[in-house]
Amino acid sequence: MATTSVPPKILLVDDDVDLVGIWKRYLVEGGFAVETAHDGEEGLVKALEGGFSLVVLDAMMPKMDGLAVLEALSKQPPKQKNGPAVLITNLSRDVVSAQAMKAGAVGCITKVDVDPGAFVEQIKKFVQMRGAG
Amino acid sequence: MSFQFMESPAQTLFWIRVVMVMTAAMFPAIFLLAATIPFTRLGVSRRVVMFVGVETLVVQVLSLTSLVFSAVGIKDRVITPVPGLAMPVYALHTLAYLGLTVFLLVRKIRRLTGVARKQITFVVLGIVATFVLATFTSFILVVVFKISDLVIIGPTYSLIMVGAMAYAIARHRFLDISVLVVRSVVFSLLVVVLGSIYVLISVLASELVFSQNTFANRVVVSAISALIIVFLFQPLRRVLEKLTDTVFYKGGYDSQKLLAELGHIMASSLLLDDLVGLSMKRLLEKLKVTYGEVVVFTKSGTPWVWSPKRGEGLRLSVTQKLIKGGRMMIFEELEESPDKETLRAENIALVMPLIVKDELIGGVVLGPKASGDVYSIQDINLFSILEPELAVAVKNALAYYEISQFNVTLQEEIAKATAELRTANGKLKELDKLKDEFISIASHELRSPAAVIKNYLWSVLNGKGKIDKEDREDVQKAYVANSRLVDLVNDLLDVSRIESGKLEMVPEEFDMVELVGTVGEEYSPRAKDKKIKLEVVKKVAKAGATADKNKMHQLLANLTDNAIKFTPEGGRVTMTVNVRDRGVGVSVADTGIGIAGEDLARLFTKFGRVDTTASPLGRVPGTGLGLYVSKKIAELSGGKLEVTSQVGKGSIFELWLPGKM
């Protein structure tokens, strides 16, 4: 398969500006294009545009949390198809994980457990899971 | 004392002497009677009776001789007896007994009270009247005034005496021989009726059936008549008894039967209402009493009252006061007193307190009998037998009532306490929920900055920029400290959820051998840093277990982390996985500083850290919660976590999980 020159697009939705900043930096270094949003509403709008290989949603955000965004997305298909969704959180993993799976996410990452390197690794794995799209 | 006019003086004298014999016995008899009435037991000792008997006998014998009446003269139908030498003896005998009688009777009148006094008074008056008149007409008139005509009416005086006695019997229960009287009437009637029947049958039979008056016929007739009489006797007696009962004995009832009935009623119910109500109704009915009430004193102070018509009754203050007098009161027997006034005013005829073991528990108050008669001796006896039985029954019913009241109160108290407990429990649950929420939010909040710190410090440490050694070390220290912070938050969160029973375990089937391998790999960099040999020994190729894989990872990581932490440089940590005891066993053995006996006990408790400051390791960092959480995880998964250790030699932590379900 020929490699595309267009890097896979990641949508990163989290209200923690500092974390988003550093993750974006490392994701870009890791070869991804990154778009960010700082609350659920903004995230949903961007997600509906479509074209993302992976949508990363923070479980707890103002205005609309990650699970609500997922639900909204499942009801309203985006203009362009999106890849899978992953939930990130600082809440107890097992609590969020089950809910995330039910809502259709493919995974759950506990933010405080990963350093930037590991985070990027995990993202890469998730993207490869469903194939870049 | 009327003298039959006989043909000869000798016969007349004889009959006079006979009369004297009989009258000699009369006064002693009256004396004995006076000593006894109004009671039924003889009022003098046997010796006195014997003396009287003997003395009377002597006088009687004398009467037969010429010593008392020596002769008699009859002139113009007037009989004049001539007194003999011993007449003074006779007179003395008579007067002595008369005197004694009078003395006794007067003393009794003064001593006795109430109805007994009335009885005696009437009887005495009767006797006195009789004798005064008799003496007057038969003695004084004859001897002093020589008028014998009025002697004839002598016997009629006894009617006065009998009349007075009868009045005493009827109105004042004198000798209570009303029953005897009635039965005598019955018997007499029976005799008369049967006799008449016998005669009638005999006559009819002989006239109609057997015309010939042979011996054989007479025998047959007699036999048949007799047989008929025999068979008729009992039924006839019953009929007559019933008749006389209705005529004479209007208020009649069978005491035994009534007591048995009342006893039965009292035994059949523990409810005060039923017990008292039913037995009183029966009593009032049978005794034909106009009105009755029962008062029972309760612990609460307000007396319980039964009256035939609910809500209507005598004034409680009045009845209470009378009952509290503590003695049976019968209207007729009372002396004039404030109490008697009260009884008269309220139309109460009888007050009977109910006493159990010297405790006054209440009383019965009765109105007069419907017939207007006084309460008979039969009635009074009935009451005296009934009172203790009723008192005990009422006391028991009262106790039962008080217990059931207590039970009601108890139930109410229990319901109240339960409601309070429920509220408290609800509040506790609320509190618990709040605590969980708080911890959840707190840990989330704590984790956010910790995550930022972690990422940025890592970025510095792994960045392209050059940092000098010292700066690197500084940043490293910060990174490690932050990791500890994260661990602590994780542990606190775990502990909180374990405590509130909310630790969610998501069991899945996994291969323990694989997991042990993974953990070993994770910790080998750290082991290498500390120059500790970390070895993973797989005794089996695969060991299936069903548990929460993440939690197991956490547990094993905790054990391995501890092993490395507590083993000095150059030591060894061995992780062994095996299948044993129908389950999976993992042991983490180290050659560390070991754990002393007293510390072993505290090892799995919260914050139960071993003080290692004295050891070659110095102070070892840690939250003190790791092993507590690990042990809980093991137990909640149906397994166990145990430790063996020797100071200076090392420790072995053994985890066992049940095999695949």
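What share of the contacts in chain A with a separation of 6 or more comes from residues 24 or more positions apart? I looked it up: 62%, where contact means heavy atoms within 4.5 Å.

**Basis.** I am working with a predicted model, in which local features need pLDDT of at least 70 and side-chain atom pairs count only at pLDDT 80 or more, while totals for chains, interfaces and linings use all residues. Residues are numbered from 1 along each chain as its sequence is written, chains are lettered from A and ligands numbered from 1 in the order in which they are written, and side-chain values use heavy atoms, with hydrogens and water left out.

**Chain A.** I found five helices and five strands, in the sequence pattern β-α-β-α-β-α-β-α-β-α. Helices (H or I, at least four residues) and strands (E, at least two) are DSSP runs, numbered from the N terminus. Of the 133 residues in chain A, 52% are buried. Buried means under 20% relative accessible area, exposed over 50%, and partly exposed in between (1.4 Å probe, protein chains only). I noted an accessible surface of about 6,300 Å² for chain A, 54% of it belonging to carbon and sulfur atoms; areas come from the Shrake-Rupley method with a 1.4 Å probe, and for residues only the protein chains shown count as cover.

**Salt bridges.** I read 28 salt bridges over all chains, each a side-chain nitrogen of Lys or Arg within 4 Å of a carboxyl oxygen of Asp or Glu. Lys299(B) and Glu402(B) form one, at 3.1 Å from N to O. Lys299(B) lies in the loop between β3 (292-296) and β4 (304-306) and Glu402(B) in helix α12 (residues 377-462), so the pair ties together parts of chain B that are 103 residues apart in sequence. Lys299(B) is exposed because its relative accessible area is 75%.

I then checked Arg497(B) and Asp494(B), whose closest N and O atoms are 3.9 Å apart in a salt bridge. Both residues sit in helix α13 of chain B, three residues apart, which means a separation of about one helical turn. Arg497(B) and Asp494(B) are buried.

**Glu499(B).** Helix α13 of chain B also holds Glu499(B), which is partly exposed at 44% relative accessible area. Leaving aside neighbours within four places in sequence, I found Glu499(B) in contact with Lys606(B) and Tyr628(B).
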